Amino acid sequence: MALLQASRPKAPPPPPAPTARRRKLRRSFIGFAFMAPLLAVNILVIAVPATQSIWYSFTDWTGLGPADFTGLDNYRRLFGDPEFRNALWHNTLWTAFFLTVPMAMGLFGAFLLSRIKRFQMLFRVAYFIPYVVATVVSGSIWESLLSPDQGIGNGLADMGLPFLDDVNFLGDPDLALGTVAFVNTWQWWGFLVVIFLASMQAVNPSQYEAARLDGANLWQEFWHITLPAIRPTLMFLGLMTVIWSFLIFDYIYILTQGGPAGSTDVLGTLLYRTAFANQEAGYAASMGVVMGLISVIAVSGFLYLRRRGWDI
């Protein structure tokens, strides 16, 4: 028996178990392998053009041919350009408007919807439909509705209500920017309602029940329970509103193209006209760099507040 055991071949030793370090490296490699395609696309379509734009902002490039380095000439011209200051002012007004009116409408609409149980989905769909309509389609429809010849004003005049008959919403410099903002609000506020409503539905109902037992009214429930609970969503949408407001282009271009007399000109339309109509791509690139810096400042402020411990 002892002889048989001595002659039996020994089993090969089991492979060594991977160490914790090797397992961590493997997981990291798999993670980077999944991220690599997206990272490559972002480098190709964002990082490379952005780097080129920064370079061209220091040149006199026309959009074709070689570019000559001109230092800070474009930036000196930029801050002395009345058209740029006018467009920047309109973007500032646009941002202030969209941080207040549509946000307040979205909050109010979501809070009211959170209080009803029947037909809530119907209202949510109805409010959200304008957001999924293509901008060029809704812009063209509103352009027809606001036309002084065949729009709402003319239709009301035919019915004996001529109080809008002489109003040219998109042709009057005093009304044009507000009119375009109104059209954009019509599309935008439904999206805010749906996002705010989703956030409100995550609030613990027992907080409202306790508040009602203490005699709180509807406004006190909204101010002391709803708003603090949805503050991260509110702050995030505020941040995105600031960024999107300085990138606004589509509705302005479709409805007024920056006119009349520059009364609706924003940085996006001015940049487009400078680059493709005036063939001053280098100067337009400097405008794009300023627009990018504004977004960087907004995001940096948001991250700074988060690091300071703000619950946003």
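Is Arg26 buried, exposed or partly exposed? Arg26 is partly exposed, at a relative accessible area of 49%, where buried means under 20%, exposed over 50% and partly exposed in between (1.4 Å probe, protein chains only).

1. Basis. This is a predicted model, in which local features need pLDDT of at least 70 and side-chain atom pairs count only at pLDDT 80 or more, while totals for chains, interfaces and linings use all residues. Residues are numbered from 1 along each chain as its sequence is written, and side-chain values use heavy atoms, with hydrogens and water left out.

2. Fold and dimensions. The protein chain has 14 helices and zero strands; helices (H or I, at least four residues) and strands (E, at least two) are DSSP runs, numbered from the N terminus. Along the principal axes, the C-alpha atoms fill a box of roughly 120 × 70 × 35 Å. Of the 312 residues, 34% count as buried.

3. Positive patch. Arg26 belongs to helix α2 (residues 20–56). Together with Arg21, Arg22, Arg23, Lys24 and Arg27, Arg26 makes up a surface patch of positive charge. Patch members have over 30% relative accessible area and no salt bridge, with like charges joined within 9 Å and nonpolar side chains (Val, Leu, Ile, Met, Phe, Trp, Tyr) within 5 Å. A salt bridge is a side-chain nitrogen of Lys or Arg within 4 Å of a carboxyl oxygen of Asp or Glu.

4. Nonpolar patch. Met121, Val125, Ile129, Tyr131 and Val132 form a nonpolar surface patch with about 460 Å² of accessible area together. Areas come from the Shrake-Rupley method with a 1.4 Å probe. Met121 lies in helix α5 (residues 120–132) and counts as exposed at 52% relative accessibility.

5. Backbone points to check. Most residues other than glycine have a negative phi, and most peptide bonds are trans. Phe119, in the loop between α4 (82–113) and α5, has a positive phi of about 65 degrees. Ala261 has a positive phi of about 55 degrees and is exposed, with a relative accessible area of 83%. Gly259 and Pro260 are joined by a cis peptide bond, with omega about -5 degrees. Pro260 sits in the loop between α12 (250–255) and α13 (267–277), and Ala261 is also found in the loop between α12 and α13.

Technical notes: Lys, Arg positive; Asp, Glu negative; His and termini not counted. Charge placed at Lys NZ, Arg CZ, Asp CG, Glu CD.
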